[in-house]
Structures are given as structure tokens and as C-alpha cells.
Amino acid sequence: MTESEEHTVQTDGNKAYPGMWNPPSIYYNKYTKWAIYALISLFVIWSVLDLQISLDRFIVGLGAGNKLLSEMLPPTATSRQVDLIVSGLIESFAMANVSTVIGILISLPVAFMASENLAPKPVYYVGRGIISVSRAFHELVIAIIAVVALGFGPLAGVVALVFNTVGFYAKLLAEEIEDMDEGQVEAIRATGASPAQVLIYGVIPQVVPRIVGLSVYRWDINIRKSTIVGIVGAGGIGITLLNAFNRYDYDFGITILLVIVAIVMVGEGVSSYVRGRVN
Amino acid sequence: MHKITDLSKTYPGGEEALKNVSTTISGNEIVAMIGPSGAGKSTFVRCVNRLTEPTSGTVTLDGVEITSLSKKDLRSARRDIGMVFQEYNLIERLTVMENVLSGRLGYVSNLAAFRRKFPEEDVRQARRTLDRVGLLDHENDRVDELSGGQRQRVGIARAILQNPKIILADEPTSSLDPETSRNVLDLLTEIASDQDIPVLINIHELDLALEYADRLIGLNSGEVVFKGPPSDFDESVEGTIYRGEEPGRAADSKGQDAGTGDQILTSIRE
Amino acid sequence: MAEELSELFGADWHVHNRRTRILRFAALLITAVLLLASWQALGVRYDYVVSAPTYLHDLFSRMFPPDGGYTGEIIAPLIETVHIAILGTMLAIIMALPVAFISAYNTTPNSVTYVLGKFIISFSRSVNVIIWALFFVIIFGPGALAGVVSIAVRSIGFTAKLLSEATEEIDFGQVEAINATGAGPFLILVYAIVPQVKPAFVSIATYRWDINVRAASVLGLVGAGGIGVELQTSVNSYAWGSVLTIMIAILGVVIVSELVSAYFRKKVS
């Protein structure tokens, strides 16, 4: 873009320039800004008072923390406890795998339903509704319900994780679909291809690379979640951890925890590697 | 009066970007560094304010030896060196006014700058300068809403606000179309004469260099191969600078030394 | 002529070369085997799977209609949940800023701080917020304090990681320009780095806030405050109508918080 302008040499002495300037602000005016700050401060103070947070509770806590640390170390486990850990881990890992696959399979149609550029309006709202409800609840809330309905064990855990996966996966996938290059789709349509072919040749190739990355990402997340749904009885190593803590078996507890951290890190490593290769 | 003596830069990989380049810059002259890509023009300009650290040699600004200053003193010295960049390097999300005032950052306290409370005199000068570069109406526009030419003028305004003793310009017109480039160079020329400060420009558009410079320095592979006013520039000089030919060789001689083959390769590398 | 042409240009064409096809096949095979092995390992009985929808439907019909009268009792715990989420997130953001600073390769002072930053992030992210809650309940006793600290500690890693990635992606030319005016390191931070990182910062903060609101709702299950306690009690006493009430309340809080987040994100983009 070119500008044409006159270059006249200015004599500064004749013009007076105001010396007052205020930086731009996102707030309507000064008063709204201070009002918002005041509100936030009041809310924080209210929270602190309501929760009865005080310095001496904190200090007492540090002492208790010290004591806890000494009881946790060194991490130990009898051979029976090792068996518990191994079986719990296998169950968690298996739960993560199964629920990721089932969750993705269910997410695929939901994602297409929830894409503004592909789905008709009523279908779009239904899809978005499913995603919102599924995303609203923490997996433990769903796990509790699942345990009540289906009994203790990994089935409840799988159901909870699948429910949780669908909201996450479908939302991100729908965003990818909405972000895709319409030009490529248009070009395929212009060749006279049928709607299914447009999907296969125009939409899917753009979306598939992301699907792989997204799937591994969610698998990694499900590995983490599968280790804790056991706390409400939905299978996996979570229950072992809870029991150890409830029984004050802290040295066993720390062992379990370290194993959980290890498996989480392995999952993360695999996830980073695959996502790095795919991109 | 600013002196640059035997400036050299060798990169860790062994590449010798500058080899003993010297020059003196004074008054309100426009000095243009010209040469092929990769000749070391940008490196040279950036070594003057030590954005790139020279391997050896000295840079003296009005008696102050820039190259031997500590980090803290270097910061103070940089206030006296204004710089204009090829990609403008403005803070895109901030307004024009904030960018121009950022030229005064070396002079205000941390707290004042954080709260954007600049002295009135600075604000006045900012407005005066914006008016001068024709952007007073855009004072509160976000920089990313401006065109390339407008952005470069904001960059120049920022440099002026520093009240510098010299202005460095690293390919200030490479991202602009020919007409806008001329406007920017006109502006720099006026400022040099008004503020009575020299401007050192790294420029690869030869026609613009010949038109605007008071003095040319031709670099090839890190070495000075020509120094003189544009009136001394002719085809054989062009051959020396851009094709590494021996000085004085007539342009219609197509023969090339073995050496020039390397020099051409060096210049294509970038 | 046509025959010679078709010999020159073979009709054999595949999208991927042989090596890629083998790799993709292997990956699919591994996934399928893993899936089957996992399904076996779970030892889920097929009759349970088949009857699952019936049981779920049964439970839902018992949950409906929600117990309206119970709403009064859960207002205070709901507010406590929100308090926990806010305090925990704010605390985390404050602590995450320096950690993000030392974890970005372009702003970290030296390699020791870089490694330290990465370690803090990794450690904080590897432990689930509920597990942190188990610890902090032991340390601080049951109640919201443990909840706030758990959320804060877990969120530091998440926030700092994304913030450091945003910092690494800034345009360094802008930093150079401010450096060239003679500004000190603090001003370089304020003028050249912060404006570039601000949109990402708001996006990250609101993202983590959304997650924390949900996490705060279940901390009570391990005694760290919030509405989780009421949820557990209702379930234990088979008060399904109350359970549905709680879930609707949680849904409401989540929706409001997402609207607020969206508002802030729009304001700063």
C-alpha cells in the first residue's frame, strides 16, 4: 500500500503540543477499572476469611508435612503389595486403552455433528450440547454415578472415562474441522464429486493428521485419569493408593505414587514422540 | 565525530563476516553501506551498538569507546544511538504513541515506564515528532493496524525520540515498495540535516543508495573495497563491489579470476 | 507406441511408499493387539456390559426429579467450591510466572535455572490434583485450605508449561529494538515480552480456571473441601434426587464460569 504525502519542512516553534497522554485501557474508564480491582480484592479477602486460612494453620501444616515426609521415606512394598501395584497398574493401563478407543469412536460422529461448517443448525446444537454436558463434570463425578449403577470395578471406570473423553475429543476435533481450508473442499466439489467423495477427498485428508496427534494426546490424559478413578471404586490402582493412605501406610503410599508418576511420564514420553513424528 | 577502527567479526563456525573495516562518520552525512548479500553490511551496522558483538576492533562515539563498555554503561550509551530496523520491530500490540515513547525508556524509571507515566516534555516531543512524520492522527492506533510505510515512520519517530547522536538503519526500505522507500529515505535525510546527526544506512537497493547517500562504503566478503561519494561510482566500481573484480578493471572484460568464483558463492550463500 | 509408453510409466501407484505402508500397518497392528489385550485384562463380563444401559437408565429414573428442597443446603458448599477454585488458580498463576520465565530457553538466565524450571513443571504435572489433595489433607487437615493448595500446586506446572511455550514463540526482533534504546532488563520484559505474551496468558489462565472449577467440585471426596462432601453423603444415603440437584448445581457453576472466561478472552485478544 503506497501513500503519497507532502513533505513540508515543519517549523516547530509555532505549534503547541499537549503534554498530557494516558495509555490505552481495556476498561470503559478509570472508575470501572478501580471498581473491578476493588471487587476482585473484596472477593479474595472474602474467600480467605471464609476458608479460614491463617498463617498459623500454614505453619502447623509445614511441621506436619515434615513428619509425613519422614514417614513416607524410604518407599517400601512387601511382595504382596508389589502384586497389588502390578495388578492395579495393569488394570489402569487397560482401562485407559479401552476407553480411549471407544471414546474416540463415539467422538467422531459427534465432532462432525458439532461442526458449524458441516452440520445443519439443529444438529449442530445437539452436538454442542452433548459436548457441553460431557465436559461439565469431572471424571470422578461421573465415576461415582457409574459405580452406583454398574457396581465397583473397571466397567464403571471405562464408562466414566469414555464419557469424559467424548466431550474433550469431540470439541477439539470439531474445532479442527471448523478451521479447515474450505478452498480445498470447494475444489473437490467443483470436480463434480458426490458428498461422500467430498468428505473422503476434501475433508478427511485435512483432518486425519490431527486425529492421530489428538488421539495420542487424549490417551496420555486417560492414562493419568485411569490412575485415580479407583478412588471411588471404578477400578485401577486408585483404590490401592487410597487404602494405603487411609491405613497410614505412607511408605507403601509413596511407592504407589512413584509408580504412578513413572507410568504417567512414560505415557507422556510416548505421546510427545508420536506427536513429534506426525507433525 | 564517530570512529570505527578495524572492526572484525568472526562467527563461532569460523565464518569471517567482517575483516578490519574502518571508517569515520561525522557531521550530518548520510553514509550508505552497499554490497552483495552476505557481504557483512548488516553485521557492521549491528556491531556499532553491539547488538552483534564484534570479535575485535573499536567503535568510538563522540569520544566514548562503545566496545569497551560494561553492560550497564552500554545501556546508557545506547540511548544515544537510534536504530531503525528492516522489519520495523515495533511492539505490534501496543499503540503508536507507546511505541514512539519507548524511545525514552533509557531515561525513565522502571516504575514510571510500567505505569506509562512519561514526562510531559517527552509526550510533547512525541507528538511533535508524530506530526513531523505525518502520523499524529494515528496516535492511539495499534501498530498492527498500520501499513508498512507507516510502521517504518513510527520506527523512525522512536529513534528520533532518543535524541541520538547517530541513527543506524539496517535495511530500512527492504520491506517497502519503491515509492514508500523514497518517502522513508527523504525523511531520514531531513532528520539528519535538522538534528545535525549522521545516519549510517545498510542498503542493498543500489539506485536508492546512489541517490541519497553523501558517502558510500562498498563491502564485499567482509572487506572494504570502495569508499567515496556517489559521483565516484561507476561501472568498474560496481564490478569491484558486487562481483569482486579487481579495482580498475573495465566492465566489458568478462574474464573472471579464480578468486571471484568464491566471492560470488559467498554472496549467493545468504 | 502406447505399449512402450505404458511400460515407461507404470500403472502401479500408491499414496505411500512401501516403507510407510509397512510402518502404518505395524502401528495399526500394535494398537489392535494392545486393545484386545486390554479388553481381556479388564475381565469385564459381557452380561454386565449388555445390562449396563438398563442399570444406567434405572439410576437416572431414580434421580429424576431433582430434590428442590436440597438446594438451600448446598449453597454454602457451592460457594466454598468457587472460593477454592479462585484462590487456587490465582495462587498458581502468581507462582507460575517466575517458573515460566526460567523455563523458556530465550528468557532463562542460565542452564541450571532452565533445568530447575522444567523439573518443577514436570513434577507438578505428573501428580493428579486429587492425589495432591490426599497429601495436603494429611498435612493441613481436612478442609478448604488443603483444597486450595492442591489446586495451586497442580496448576503451576500446567500454567508454567504453556506460558513458557508462548514466551519461546515471541518475535525476538521486538526485544532487540527495545534493547537498542538502552532500556534495562525489567523494561525489556514489560515493553517487549509482556505485550506479546498477554493474549496467550489470558487464554491459559482461563483454560486452567475452567479445569480447576471442575476439580474443586470433587476435592471433597478426599476431604479437601467443596461440594464433593455433599455429593459423597448423598450417594451414600441413596438420596438420588439430591445427587441430581448437586449435579445440576455444578453444571450451573461451570456454565457461568465459562461465560466469564469467554468474556475475558474476547476482551484481550
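Domain bounds, as used in these legends, come from an automatic or database domain assignment. The model is predicted, so that local features need pLDDT of at least 70 and side-chain atom pairs count only at pLDDT 80 or more, whereas totals for chains, interfaces and linings use all residues. Residues are numbered from 1 along each chain as its sequence is written, and chains are lettered from A and ligands numbered from 1 in the order in which they are written.

**View 1. The two domains of chain C.** Chain C is divided into domain 1, spanning 2-55, and domain 2, spanning 77-268. Between the C-alpha centres of domain 1 and domain 2 of chain C there is a distance of 39 Å.

**View 2. Chain B where it touches chain C.** Contacts (C-beta atoms, placed from the backbone, within 7 Å) link 21 residues of chain B with 17 residues of chain C. On the chain B side, two or more residues each come from α2 (71-78), β6 (81-85) and α4 (110-114), where helices (H or I, at least four residues) and strands (E, at least two) are DSSP runs numbered from the N terminus.

**View 3. The surroundings of Asp137(B).** Asp137(B) is placed in the loop between α5 (120-132) and α6 (148-161) of chain B. Asp137(B) counts as exposed because it has 10 C-beta neighbours inside 10 Å, the limit for exposed being 12 or fewer other C-beta atoms within 10 Å, with C-beta atoms placed from the backbone. Asp137(B) and Glu205(B), 68 residues apart in sequence, are separated by 31 Å from C-alpha to C-alpha.

Conventions. Contact = placed C-beta atoms within 7 Å. Buried ≥ 20, exposed ≤ 12 C-beta atoms within 10 Å, placed from the backbone.
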